[in-house]
Amino acid sequence: MDSIISNLALGFSTALTFQNLALCFVGCLIGTLIGVLPGVGPIATIAMLLPITFGLDPTGALIMLAGIYYGAQYGGSTTAILVNIPGEATSVVTVLDGHEMAKQGRAGAALGIAAIGSFIAGTVSTLVIAALGLPLTKLAQLFGPAEYFSLMIMGLVFAMVLARGSLLRAFAMIVLGLVLSTIGTDLETGEERLTFGIERLSDGLEFVVLAMGVFGFAEIIRNLENPEARDVVRGSIGPLLPTREEFRQSAMPIARGTFLGALLGILPGNGAVLGPFASYSVEKKLAKDPRRFGRGAIEGVAGPEAANNAGAQTAFIPLLTLGIPPNAVMALMVGAMTIHGIIPGPQVMTKAPSLFWGMVASMWIGNLMLLIINLPMVGLWVRLLKVPYRLLFPAILLFCCIGIYSINSSETDVIFTAVFGLFGYALLKFGFEPAPLLLGFVLGKLMEEKLRQALILSRGSFMTFVERPVSLGLLVVAAVLIVVALLPAIRKSRDEVFTE
Amino acid sequence: MTESSDPARAAGPAAFIRSPLDAAAGLFLICLAAVVLHQIRGLDAGSLRSFGPAMLPRGLAVILGASGIALVLMSVFRRDGSVLERWSIRGPFFILGSVLAFAFTIRVFGLAVAGPLAMVVGAYADPDARLKETLIFSVVLTAVCVVLFRYVLGLSIPILKMP
């Protein structure tokens, strides 16, 4: 307990310098600004804004990136409430009751409770990260290559089970991601693999290039193909502060949502997406009158929003302690950290404690800032939502191009991104969900390294993965998950969760 | 977007395929796997004790191809088939054209030319594009970007060059 307090004190002393406070503020603000725009999710936002952090020191850069991340998450919820469009998978549930409240002239209360719920969830999950950081880092140091490999297998299985659409398709996307990760020079022999004779590829494929192509450009093409009727709330937004009665109704949903979200967020393989769904169905089951849900029940906004934010934040735990990104956004954070010369993993906490704890503390500060800056600015967001997509997407295109170009000052990277844009469009047209591909790509290199190390240590015997108890345990969890997901009953309810 | 005919009533040689979407997706994966296998044909796979460079890509490509075959097989046996959506040409053409235009002009002319060019080309991906509006907007936004990226953030991005 003492160590948590002293660590958090170190963190706050780092995060509360003028420069870092300003960076956190700017990050939250721009993150929200871009996140509010429909059709731009957190992945594209972070990829687009990555170059802004290049000139900063690593601590400041990560604080700002984390701010952009929460800001984008938060902006997505604002759009979900004000327009009938979920900015991303995790705010799908918010649309159901949030937009209904907005239509009834209670948009202000919905936004207010979303912000307050998110803040409470953010506060609790900051404490969870602080409490779990140290023990998990110690655990990670006991991990050998075999355990790491099995852990990543488990993460990928989670990602497959939690992806939308058919299991086989998600599996194929993960494998494709792994194939793409083998592009470049072989670790041991130095021979070039799959480079198609292109010199730029001998260092491997840049993650941002892949992410921006598959998520950024392909999304724009898809948005243009299916123009969405934007149903921006007209008329009064109503008072921002929820009434005493609304607070009373929301208190328990926020508490339950925080718990569920924080718990699911720690799971490797994008457990965070489950949080809002789980919270919504729990609230609906517990409600005295479930028919209110879908017709503007404030519990249906408060719970899922708390779960969303808690999960978004505890998703940092696998990244910061084990060095394994649990979802595509965290994978992008790995890319960002590497650009600043930090390799995520257990060593960050011991080698750069002020960076680690500064980032944890800035998460809480960022949440507080979002609460304070966002509510008064709702009017601005509403106006921003009225900008037509016709003007919006060329601007997004330009920012993406500048972003990619400035990472390496390389126009070849920009060309590759265009190629992957076409590739991503093809994937969408063939009905594939690209998120598991990105996770496979990011984990691929690390997995190959650990697999080879483990096999060298075991003299080529695959038994090492089942002989070591921790590794065996992780593989058993993965196997059970696959079996469970294939059971007809579960499969049916899984389909329902993702189509609801 | 489902302009193709109803799969159940589709006639011709492919009538036994209930789900054209799955069949096409499977073929796509098989093609990708074939490209990978062809590319690494000259590399050594090594043994389990000492992996060669080709071991993983080859193994993964085989798994990828197998999932493609599974998708194709499923397309014959599925009851709830999905049709292939129509591919649009306009969107990909102008969006990717815009990105390529940026890539080919940024070094030669600088951002002052590449920025508006990319935006104007990109804007035509929308059938309702308005030239004058886009042109003015693109010039203003490029100016903002020059100030932001070059002077505020200090990135080394070429602004204007005369070749």
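Helices (H or I, at least four residues) and strands (E, at least two) are DSSP runs, numbered from the N terminus. With that convention in place, I turn to the model.

This is a predicted model, in which local features need pLDDT of at least 70 and side-chain atom pairs count only at pLDDT 80 or more, while totals for chains, interfaces and linings use all residues. Residues are numbered from 1 along each chain as its sequence is written, chains are lettered from A in the order in which they are written, and side-chain values use heavy atoms, with hydrogens and water left out.

Let me begin with confidence. pLDDT is the predictor's confidence in each residue, from 0 to 100. Chain A has a mean pLDDT of 84, and 95% of its residues reach 70 or more. Within chain A, helix α19 (residues 411-429) has the highest confidence, at 92, and helix α23 (residues 488-499) the lowest, at a mean of 60. Chain B averages 82, with 87% of the residues scoring at least 70. Over residues 1-12 of chain B, pLDDT stays under 50. Where pLDDT is low, the predicted coordinates should not be read in detail.

Chain B is divided into domain 1 (7-77) and domain 2 (90-152), with bounds that come from an automatic or database domain assignment. The C-alpha centres of these two domains of chain B lie 38 Å apart.

How do the chains meet? In this model, 62 residues of chain A are in contact (heavy atoms within 4.5 Å) with 65 residues of chain B. Buried area is the accessible area (1.4 Å probe) that two parts lose on being put together, summed over both. Between chain A and chain B it is about 5,800 Å², of which carbon and sulfur atoms give 80%. A:R390, A:K429 and A:F430 supply 12% of the area that chain A buries against chain B, more than any other three residues.

Next, the open space. On a 1 Å grid over the protein atoms alone, a pocket is an open set of points with protein on both sides within 12 Å along at least five of seven lines, and lining residues have an atom within 4 Å of a point. The second largest pocket holds about 1,100 Å³ of space. Of its 43 lining residues, the closest to its centre are A:V334, A:T338, A:V442, A:K445 and A:L446. Elements that each supply at least two lining residues include β1 (184-185), α14 (328-339) and α20 (435-457) of chain A. Which element gives the largest share of this lining? That is α20(A), with eight residues.

Notes
1 Å grid on protein atoms, 1.4 Å probe; cavity = no way out; pocket = protein on both sides within 12 Å on 5 of 7 lines; lining within 4 Å. Points joined across faces, edges and corners; volume = space filled by probe spheres on them.
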